[in-house]
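This briefing covers strand pairing and chain contacts, grouped by topic for reading alongside the sequence and the structure.

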Amino acid sequence: MKLVPLGDRVVLKQLEAEETTKSGIVLPGQTKEKPQQAEIIAVGPGGIVDGKEIEMNVEKGQKVIFSKYAGTEVEADDETYIIVRQSDILAIVEE
Amino acid sequence: MKLVPLGDRVVLKQLEAEETTKSGIVLPGQTKEKPQQAEIIAVGPGGIVDGKEIEMNVEKGQKVIFSKYAGTEVEADDETYIIVRQSDILAIVEE
Amino acid sequence: MKLVPLGDRVVLKQLEAEETTKSGIVLPGQTKEKPQQAEIIAVGPGGIVDGKEIEMNVEKGQKVIFSKYAGTEVEADDETYIIVRQSDILAIVEE
Amino acid sequence: MKLVPLGDRVVLKQLEAEETTKSGIVLPGQTKEKPQQAEIIAVGPGGIVDGKEIEMNVEKGQKVIFSKYAGTEVEADDETYIIVRQSDILAIVEE
Amino acid sequence: MKLVPLGDRVVLKQLEAEETTKSGIVLPGQTKEKPQQAEIIAVGPGGIVDGKEIEMNVEKGQKVIFSKYAGTEVEADDETYIIVRQSDILAIVEE
Amino acid sequence: MKLVPLGDRVVLKQLEAEETTKSGIVLPGQTKEKPQQAEIIAVGPGGIVDGKEIEMNVEKGQKVIFSKYAGTEVEADDETYIIVRQSDILAIVEE
Amino acid sequence: MKLVPLGDRVVLKQLEAEETTKSGIVLPGQTKEKPQQAEIIAVGPGGIVDGKEIEMNVEKGQKVIFSKYAGTEVEADDETYIIVRQSDILAIVEE
C-alpha cells in the first residue's frame with residue numbers, strides 16, 4: 001500500500017524519540033506542544049491550496065521536526081504514518 | 001438515488017476498517033483524529049468556491065484517506081455516504 | 001406569502017425523513033451533524049456576497065442534501081422553510 | 001428622533017409575531033436561531049465596509065426576515081428598533 | 001488633556017440614558033447587547049487600517065448609537081470617554 | 001539594555017495611574033478592558049507586517065492610551081516595558 | 001545535529017532569566033503572557049509563507065524578546081531550542 005499525498009500534504013514516518021535526555025534530567029512539565037522527529041516518506045505536488053500557490057521545499061528522505069498536534073495518523077501495512085501540511089514542518093534536521 | 005456533489009465536494013463511501021493491526025497490538029489511545037479509508041463515488045465540478053478557483057484533482061473510484069471529523073454522513077438507498085470537501089482528502093491510497 | 005431570498009441565500013422546504021433504514025438497523029450514535037433532504041423553493045440572485053462574486057448553481061425544484069446546523073427556520077403560511085447559503089448545500093439528489 | 005444608519009447597516013422595526021401556528025401545533029423545541037419578520041425603516045448608504053464594496057439591495061418599507069441573534073436593539077421615541085447589517089437580512093417577504 | 005484618536009478610532013462621550021421608557025414599561029430582559037447613545041468628541045484621520053483604506057464618515061458633535069461591548073473606556077479630566085472604531089458606530093441620531 | 005522593536009511593534013513605558021477620580025468617586029465595576037496611559041519609548045520600522053504595508057504614525061516621547069490586554073510585558077534594567085502593535089494604541093494624549 | 005528552519009521560522013536558544021528583579025521586588029501576578037529572552041541560532045529563508053511574501057529581518061546571534069506561548073520546544077544534543085515564526089519575535093535586545 002502506498003500513500004500519495006494531495007496538495008501541500010507530506011507523509012511522515014515518526015522516528016523513535018529517546019525518552020530521557022542524555023544527562024538523564026527530566027525537564028519540568030510544560031504546556032507547550034511536544035515536537036517530534038520524523039522522516040519524510042512522500043511529498044504532495046503543491047500547487048494551489050486554499051487559493052494560494054504553494055511550492056514544496058522538502059523532499060523524501062529528509063528528517064524533520066514537526067508540530068505534534070498537527071496532522072493525522074494513518075495505519076498502513078503495519079506502519080503508522082502521519083500526514084501533515086508542509087507548513088506544519090518546522091525545520092529540517094541535518095546530522 | 002444519485003448524489004451529485006456541488007463545488008469542491010466529493011462523495012465518499014467508507015471502506016471497512018480492520019479493527020486490529022496485523023500484529024494484534026492495540027496502539028495506546030491518542031487524542032488525534034482517526035483517519036479513514038474510503039472510495040470516491042462522485043466528484044463535484046470545482047470552480048469558484050468561497051471566492052477561490054478550485055481545481056479537482058481526485059476522481060471516481062480512487063481509494064483515499066480522509067479526515068474523520070470532516071464531512072457529513074448521508075444515508076441513501078441503504079448505504080451511508082460521506083460528503084467532504086476535496087481539501088479534507090489527505091492522500092490517495094495506491095495498492 | 002412569498003419569500004424572496006437575498007444574495008446567495010436559498011429557501012428550502014424540508015422533505016420528511018424516513019426514521020429507520022430499510023433494513024431496520026439503527027446505526028450507532030455519532031457526533032456528526034445529521035444531513036437532511038430538502039426541496040429548493042427559491043434561489044437568491046447571487047452577485048457580490050461578502051466581497052466575493054457568487055454564481056448560483058442550483059435551481060427551484062431540485063432536491064438537495066444540506067448541512068442540518070446551517071440555516072434559519074422560517075414559518076410562513078403554516079409551512080416551515082429553511083433559508084441557507086448556497087455553500088451549505090452539499091449535493092443535488094437525482095432519482 | 002431619526003436614526004440614520006452608517007455603511008451597510010439597516011434599521012428595522014420588528015413586526016409582531018403570531019405566537020402559535022394556524023393549526024395550533026407547537027413544533028418541538030429546536031436549537032436553531034429563531035428568525036423574525038421586520039419592516040425596513042432606514043437603509044445605510046453602503047460603500048466600502050471592512051474594505052469591501054457593498055451595494056445596498058433593500059429599501060425602506062420592505063418586509064424582511066432577519067436572523068434573530070444579529071443586530072442591536074435601539075429604543076427611540078417609545079419604539080424599539082433593530083439595527084442589522086444588510087447581510088443579516090435573509091429574505092424579503094412579499095404578500 | 002486632549003485625546004487624539006489614531007486610524008479609524010473615534011472618541012465618544014456617553015449621553016445619559018433615560019432608565020425607563022416613556023410609558024414606564026420595562027421590556028423583558030434580553031440577551032442582546034444594549035446599545036448606547038453618545039456624542040462624538042474626536043475623529044481619527046482614517047487612512048490604511050489593517051491594510052484597508054478607511055474613509056471617515058462621522059464628525060465631531062454628532063450624536064450616535066454604538067455597540068455597548070465595543071470600545072475602551074478612558075478616564076480623563078474627570079470625564080469618561082469611550083474610544084471605538086468607526087465600524088462600531090451603528091447610526092447617527094438626528095433630532 | 002535597549003529594546004529595538006520589529007515590524008509594527010512599539011515599546012511603551014506605563015505611566016502611573018491615579019487610583020481615584022478627582023471627585024473621589026469610584027465608578028461601578030465594569031467588564032470592559034481597562035485602558036492605560038503610557039509613554040512611547042521606541043517605535044518599530046513598520047513595513048510589510050502579515051503581508052500588509054504598515055506605516056508608523058506614532059513617535060518616541062508621545063503619551064498614548066493603549067488597550068490593557070494587548071501587548072507583552074518585558075522587564076529590562078529594573079524597568080517594566082510593554083511591547084504592543086501600533087494598532088493597539090487607541091489615541092495620543094495631548095496636554 | 002543541526003536544525004535548518006523552513007519558511008519564516010527562527011530557531012532560538014533561551015537565555016537564562018534572572019528570577020528576581022534587581023530590587024528584589026516581586027511584581028504582582030498578572031495574566032499577561034511572560035516574555036522571554038533568547039539568542040537566534042538559525043533563521044529560515046523566508047519567501048512565500050501562507051501566500052504572503054515574508055522578508056527575514058533578524059539574523060543569527062541577535063538577542064531577542066519573544067512571546068512565551070509562541071513556538072515549539074525542540075530537544076537536540078542535550079540543548080533545548082525553540083522554533084518560532086519571525087512574527088513572534090517582538091524586539092531585538094541591544095546592550
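Between chain C and chain B of this predicted model, four residue pairs are in polar contact, both residues of each pair being at pLDDT 80 or more; a polar contact is a pair of N or O atoms within 3.5 Å, where within protein one must be able to donate a hydrogen and the other to accept it, and residues adjacent in sequence count only if both atoms are side-chain atoms. The elements that give two or more residues to the side of chain C that touches chain B are β3 (35–43), β5 (52–54) and β9 (89–94) of chain C, and β9(C) gives the most, with six residues. Strands (E, at least two residues) are DSSP runs numbered from the N terminus.

As the model is predicted, local features need pLDDT of at least 70 and side-chain atom pairs count only at pLDDT 80 or more, while totals for chains, interfaces and linings use all residues. Residues are numbered from 1 along each chain as its sequence is written, chains are lettered from A and ligands numbered from 1 in the order in which they are written, and side-chain values use heavy atoms, with hydrogens and water left out.

**Chain C with chain B**

- In this interface, 21 residues of chain C are in contact (heavy atoms within 4.5 Å) with 23 residues of chain B.
- Chain C and chain B bury about 2000 Å² between them, 56% of it on carbon and sulfur atoms; buried area is the accessible area (1.4 Å probe) that two parts lose on being put together, summed over both.
- The rule finds one salt bridge across this interface, a salt bridge being a side-chain nitrogen of Lys or Arg within 4 Å of a carboxyl oxygen of Asp or Glu.
- B:K2 forms a salt bridge with C:E94, and the closest N and O atoms of this pair are 3.9 Å apart.
- Strand β1 (residues 2–5) of chain B runs antiparallel to β9(C) and is joined to it by four bridges, with B:P5 standing opposite C:A91; two strands pair if DSSP finds at least two bridges between them.

**Chain G with chain F**

- Here 21 residues of chain G are in contact with 23 residues of chain F, and the two chains bury about 2000 Å² between them, 55% of it on carbon and sulfur atoms.
- One salt bridge is counted between chain G and chain F; G:E94 forms a salt bridge with F:K2, with the closest N and O atoms 4.0 Å apart.
- Strand β1 (residues 2–5) of chain F pairs with β9(G) in the antiparallel sense over four bridges, and within this pairing F:K2 stands opposite G:E94.
- Four residue pairs are in polar contact between chain G and chain F, with both residues at pLDDT 80 or more.
- On the side of chain G that touches chain F, β3 (35–43), β5 (52–54) and β9 (89–94) of chain G each supply at least two residues, and the largest share, six residues, comes from β9(G).

**Strand pairing within chain B**

- Strand β2 (residues 9–14) of chain B runs antiparallel to strand β8 (residues 79–85) of chain B, the two being joined by five bridges, and the bridge partner of B:L12 in β8(B) is B:I82.
- Strand β7 (residues 72–76) of chain B is likewise antiparallel to β8(B), with five bridges joining them, and B:E75 has B:T80 as its bridge partner in β8(B).
- β7(B) and β8(B) form a hairpin with two residues between them, and B:D77 in the turn has a positive phi of about 55 degrees.
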